[in-house]
Amino acid sequence: MLEVVAKYREKETGESGKIVCYAPDIAFNEEEKITAYIPDTALASVRCVETLKLLPSYATFKKYHSKIVEYINNAAPERKIIVMRRTGWLGKNKDKFLFPGDSFEENGIEYMFPKENTYSFMSKCGTLQEWKDNVAALAAGNSRAVLALSEAFAAPIRSYLGDDDDACGWHIIGPNGCGKSTCAKVGVSTYGRGSTTDPEGEGALVSWYRTENQIESVAVAHNHMCVFLDEMKLAAKKDPKALEIVSYMLATGNGKGRMMANGKDRKVNTWRIGFFSTGEESLVSFIERGGGIVNSGQEVRVCDIPGSPGYEDNIFEDIHGRSSSTVFVDELRDNTKKYYGHALPAFLSALARHGVSQEDQEFFLGVHGRAFFGVFEDSPQELQRVASTMCYNRLAIHLAIKWGILPWDEAIECCMLAQCFYSWRDTFIDEAGLRSEEQKIRDQWTTFIQENRGRFTDPEIKNIGPYQNYGVFDSRECVYYIWPGTFRRHCGDKKQMNYHLRVLRKIGMLPVIQASRANMFTTIKKLGGISSPVYGIKLLEEKNVDEDSTVPSKAKVIKTDFTKGYMREPREEDRDPDSFPEPDENMGDLPF
């Protein structure tokens, strides 16, 4: 039996058409019913027949396809439906959260989120109390599992409060078998089964082994939620360069621009999600292996968090009395497949009913919230951004405990959350206050000079040409003067060369700077009787000939106090005014 049951209009794209239902049984058994959404633009073309081919038993009425198309075109059903294809908050008051399969009526208009042809990941098993006893209780005291669960609740809070800033995703790094995927499954269990998505759609954990278009459809389906991605190496092995694009795409919430058949631009997919990823290596490692260049923007969009310190073979700090970490991980992983799907709907229902008080917003999301993670107004912008994102995780823990969804001690679990932030911070910024990309530039030039000391000649030698060596070493000032051509070749291109110069200047390795020179090279007038432009680089920790002391290593911009676990301002003994040359007025501001 074939029936045109309703007219529909897509809310996101504005596309309209008709909903056709087919069932072999005239009684229309709901379990066997197949639904097809045929757009108006396809009804007058062969595309309508191609759509009907998806229906079972098409061969039985294949010879009648022209009459079927005519029947669909002439049908005028009274029922009208607005079709929605992504999850998320609805209405100005945000009093309802739409999930796949949901339908409701508002102001006489019927809304529906069909499961047909939609990435489905929502499922339930067991009860909320069983999930609390067998999953949430075991996750307590384990920092990475706490982060996963809190992110599942934090993502919808950010959208509920209207935070449209780019999200920060979390990427847990650890060796094979350490339990990082189990942490992701703990977070997934809040709304679906704790296993990787399979052809039957039973699992909610998404594999990184997908095309860019597939990742985009997954992001749209998880709008205002958190998507959990497993094993980044699968995506990196397929196309490392695409991984750089996908990471930006997930964080910024904008899909790829496309065109329709009529030549007009198709509406770009947008979303606001949180994402939690796992892998054996960092995003930086994968991108660099593919020949890409990593900047600080990527490192704060996808925050690489190593496994728990001191637990190289297992990232769980508390195994709750189990005989071994292996037994604990196996039990927790099995529980995510038995008890799942209740926590997030219950949390969203409570959030829609109670909202977030102004006091909680000011306490957890304001200056005090960032101070909990040791980040203040004068801290680097990257730290402020990541800390602001993690403030929502702390708020999520507070609300979930308040509403009886998480059986945790708030103070202890928030400290677990802070451990994750400190782990990321200590990989992103070292004790000298250098970002990871700045550390690489410092190490690159330090290694270059140390490995090529023999290529730097004495300045007293006459008739030195720039193509005979890398430069000149002044033993009295401990400065290595490098020819511009050599410097440029080891930077890559002119754009990268200028960036290297700025970083070297910032960290005190480029002390010789002539005024009014935008490219920061100096001229040695008595270089073997030849005047020549050079770049002067001074190694940190290099000893002077006339002194028995070392040159100060680097300016202490931010120092980590591991005993107290927070970022403090440098003391007087940490400051070294000579490490930073006075900026040139013609240079402009440094981008830091």
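**Contacts, burial and helix packing**

Colleague: With which side chain does the side chain of Ser 277 make a polar contact?

Modeller: The side chain of Ser 277 has a polar partner 2.8 Å away, where a polar contact is a pair of N or O atoms within 3.5 Å, one of which, within protein, must be able to donate a hydrogen and the other to accept it, residues adjacent in sequence counting only if both atoms are side-chain atoms. Please keep in mind that this is a predicted model, in which local features need pLDDT of at least 70, side-chain atom pairs count only at pLDDT 80 or more, and totals for chains, interfaces and linings use all residues. The partner of the Ser 277 side chain is the side chain of Trp 208.

Colleague: Is Ser 277 buried or exposed?

Modeller: Ser 277 lies in strand E15, residues 274-279, the helices (H or I, at least four residues) and strands (E, at least two) being DSSP runs numbered from the N terminus. Setting aside residues up to four places away in sequence, Ser 277 touches Trp 170, His 171, Ile 172, Trp 208, Leu 229 and Met 232, contact meaning heavy atoms within 4.5 Å. The scale calls a residue buried under 20% relative accessible area, exposed over 50% and partly exposed in between, with a 1.4 Å probe and protein chains only. Because its relative accessibility is 0%, Ser 277 counts as buried.

Colleague: How far apart in space are Phe 275 and Val 302, C-alpha to C-alpha?

Modeller: Phe 275 also lies in strand E15, and its relative accessibility of 1% is why Phe 275 counts as buried. Beyond its neighbours within four places in sequence, the residues in contact with Phe 275 include Glu 151, Trp 170, Leu 250, Arg 301 and Val 302. Although Phe 275 and Val 302 are 27 residues apart in sequence, their C-alpha separation is 8.8 Å.

Colleague: How are H5 and H13 oriented to each other, and why?

Modeller: Two packed helices are described by the angle between their axes and the distance between the axes. Helix H5 (residues 143-160) packs with helix H13 (residues 343-354) at an angle of about 30 degrees, with axes 10 Å apart; the axes are lines fitted to C-alpha atoms, for helices over the stretch in contact, and angles run from 0 to 180 degrees between N-to-C directions. Angles under 35 degrees count as roughly parallel, over 145 as roughly antiparallel, 65 to 115 as roughly perpendicular and the rest as oblique. H5 and H13 are therefore roughly parallel.

Colleague: How many nonpolar residues are in the contact of H5 with H13?

Modeller: The contact is made by Ala 152, Phe 153, Pro 156, Ile 157 and Tyr 160 of H5 together with Ala 343, Leu 344, Phe 347, Leu 348 and Leu 351 of H13. In the classes used, Ala, Val, Leu, Ile, Met, Phe, Trp, Tyr, Cys and Pro are nonpolar, Asp, Glu, Lys and Arg are charged, and the others, Gly among them, are polar. The contact has no polar and no charged residues, and its nonpolar residues number 10.

Colleague: How many charged residues are in the contact of H7 with H9?

Modeller: H7 and H9 pack at an angle of about 15 degrees, with their axes 11 Å apart, which means that H7 is roughly parallel to H9. Glu 212, Ile 215, Glu 216 and Ala 219 of H7 meet Ile 245, Val 246, Met 249 and Leu 250 of H9. Besides 6 nonpolar and no polar residues, the charged ones in this contact number 2.

Colleague: From which residue does a backbone nitrogen lie 3.0 Å from a polar atom of the side chain of His 224?

Modeller: His 224 is found in the loop between H7 and E12, and it counts as buried because its relative accessibility is 15%. Among the residues that His 224 touches, not counting those up to four places away in sequence, are Gly 88, Trp 89, Phe 97, Ser 159 and Arg 272. The backbone nitrogen in question belongs to Trp 89.

Colleague: What value is phi of Glu 231 near?

Modeller: Glu 231 lies in the loop between E12 and helix H8 (233-238), and it counts as buried because its relative accessibility is 14%. Its phi is positive in a residue other than glycine, near 60 degrees.

Definitions and conventions. Residues numbered from 1 in each chain as written. Heavy atoms only, no water.
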